[in-house]
Amino acid sequence: MPIQEADYIWKNGKMIPWAEATTHVMTHALLYGTCAFEGIRAYETPKGTCIFRNDAHIKRLFYSARIYGFPIAYTEEQVMEACREAVRGNKLTSAYIRVNAYLGYGELSPSANPDPELDVIAFPFGRYLGAEGIEQGIDVCVSSWRRAAQGTTPSGAKLAGNYLSSRLITMEAKRNGCVEGIGLSHEGTVSEGAGENLFVVQDGRIITAPLAASILNGITRDSVMTIARELGYEITEQAIPRELLYGADELFFTGTAAEVTPVKSVDGIPVGTGEKPVTKSIQDVFFGLFDGRTEDKWGWLDPVG
Ligand SMILES: Cc1ncc(COP(=O)(O)O)c(C=O)c1O
């Protein structure tokens, strides 16, 4: 999806013109992948533009940076406010917000600690997996590439370098005519999509892979689990054997970019009968948060002001 430029980028405390937000070629993050990041959405709601779960995203940003031992030179509240400012300052009514907290320029070696940098980029963004995909579902493939094993690069820390795995999985999926790919864990159980968590519906029960299956602890995953429980569904985190993907009644992806997107087929095999009552009921409550049909009883909407 091509990037739609906005006017300004919040860079190390200042809003500067989009084209001036550049970085040195010897930046540590470029050399070694040391960029903790977040992808966040702001939605146009009847109460004005609101960032979805700003606090949870920024908390995860600090968690990711902490695992790799690098500081962020701002407080969580300051970074949340930077996100609001990046949306407001560009007069955006809805946006994708990319927050990059990374090690900057100054020293060579993976363990070096050059000064940290922080960029917040807000820009217009549509449906990542396609508007039709949200309604009809998408075709996906199981990748021959495995997700990084436990005890290697941690999937729970959202670092730019982790997305090399996502690139391999998505490239293979596209070569095979699919919209997205699913990675298996090192043990061969289902992990997640290249940029999404995955949910399986079988006999009215909902199952999703546990954190130890090399997944990112998704904020949309958490939101959907909360919504599903509220709707009365039984939902469990458990190891998912690959064959369940072919025998499931429904499958859906969750993620900030993907939102709640049904899966139509896996490896060319149609999912269930094609009916998606559980997915649709969750989508209804989730998207209802943004058009005012669902009351935000969880305090997930953060107005940009
Ligand atoms: C690998 C991966 N898994 C899952 C997710 C979903 O996480 P979230 O719902 O927090 O966006 C993402 C998206 O950021 C991702 O990149």
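**Briefing: ligand shell, domains and selected residues**

The backbone oxygen of Ile 219 lies 2.7 Å from a polar atom of the Ser 223 side chain, a polar contact in the sense of a pair of N or O atoms within 3.5 Å (within protein, one must be able to donate a hydrogen and the other to accept it, and residues adjacent in sequence count only if both atoms are side-chain atoms). The model is predicted: local features need pLDDT of at least 70, side-chain atom pairs count only at pLDDT 80 or more, and totals for chains, interfaces and linings use all residues. Residues are numbered from 1 along each chain as its sequence is written, and side-chain values use heavy atoms, with hydrogens and water left out.

**Ser 223 and helix H6**

- Ser 223 is found in helix H6; helices (H or I, at least four residues) and strands (E, at least two) are DSSP runs numbered from the N terminus.
- The relative accessible area of Ser 223 is 0%, so this residue is buried (buried means under 20%, exposed over 50%, partly exposed in between, with a 1.4 Å probe and protein chains only).
- Leaving aside neighbours within four places in sequence, Ser 223 is in contact (heavy atoms within 4.5 Å) with Phe 52, Arg 53 and Trp 300.

**Ligand shell**

- The ligand is surrounded by 16 residues, of which the closest are Lys 158, Tyr 163, Ile 219, Thr 220 and Thr 256; a residue is near a molecule if one of its heavy atoms lies within 4 Å of it.
- The shell divides by class into four nonpolar, seven polar and five charged residues. Ala, Val, Leu, Ile, Met, Phe, Trp, Tyr, Cys and Pro count as nonpolar, Asp, Glu, Lys and Arg as charged, and the others, Gly among them, as polar.
- Oxygen atoms of the ligand have polar side-chain atoms of Arg 60 at 2.8 Å and of Tyr 163 at 2.5 Å.
- A nitrogen atom of the ligand lies 2.7 Å from a polar side-chain atom of Glu 192.
- Taken alone, the ligand exposes 380 Å², and the protein buries 95% of that; accessible areas come from the Shrake-Rupley method with a 1.4 Å probe, and for residues only the protein chains shown count as cover.
- Helix H6 (219-230) and strand E13 (250-255) are the elements that give two or more residues to the shell.

**Domains**

- The domain assignment of the protein chain gives domain 1 (8-123) and domain 2 (131-291); such bounds come from an automatic or database assignment.
- The centres of domain 1 and domain 2, taken over C-alpha atoms, are separated by 26 Å.
- Domain 1 gives 24 residues to the contact and domain 2 gives 22 residues.

**Ser 191**

- Ser 191 sits in strand E9 (residues 190-193) and is buried, because its relative accessible area is 2%.
- The side chain of Ser 191 has a polar atom 2.7 Å from the backbone oxygen of Ala 213 and reaches the backbone oxygen of Ser 214 at 3.0 Å.
- Not counting residues up to four places away in sequence, Ser 191 touches Arg 147, Gly 183, Leu 184, Ser 185, Ala 209, Ala 213, Ser 214 and Ile 215.
- Thr 226 is 35 residues from Ser 191 along the chain, and their C-alpha atoms are separated by 20 Å.

- Lys 11 belongs to strand E1 (residues 8-11) and has a relative accessible area of 12%, so it is buried.
- The side chains of Lys 11 and Tyr 102 are joined by a polar contact of 3.0 Å.
- Beyond four places in sequence, the residues that Lys 11 touches include Glu 117, Leu 118 and Asp 119.
- Thr 34 lies in the loop between helix H1 (28-32) and strand E3 (35-45), and its relative accessibility of 10% makes it buried.
- Among the residues that Thr 34 touches, not counting those up to four places away in sequence, are Phe 70, Tyr 102 and Leu 159.

**Positive phi outside glycine**

- Lys 91 is not a glycine, yet has a positive phi of about 55°.
- This lysine, Lys 91, is in the loop between helix H3 (76-89) and strand E5 (95-103), and it counts as exposed because its relative accessibility is 75%.
- Asp 267 also has a positive phi, near 55°.
- The loop between strand E14 (259-266) and strand E15 (269-270) holds Asp 267, which is partly exposed at 31% relative accessibility.
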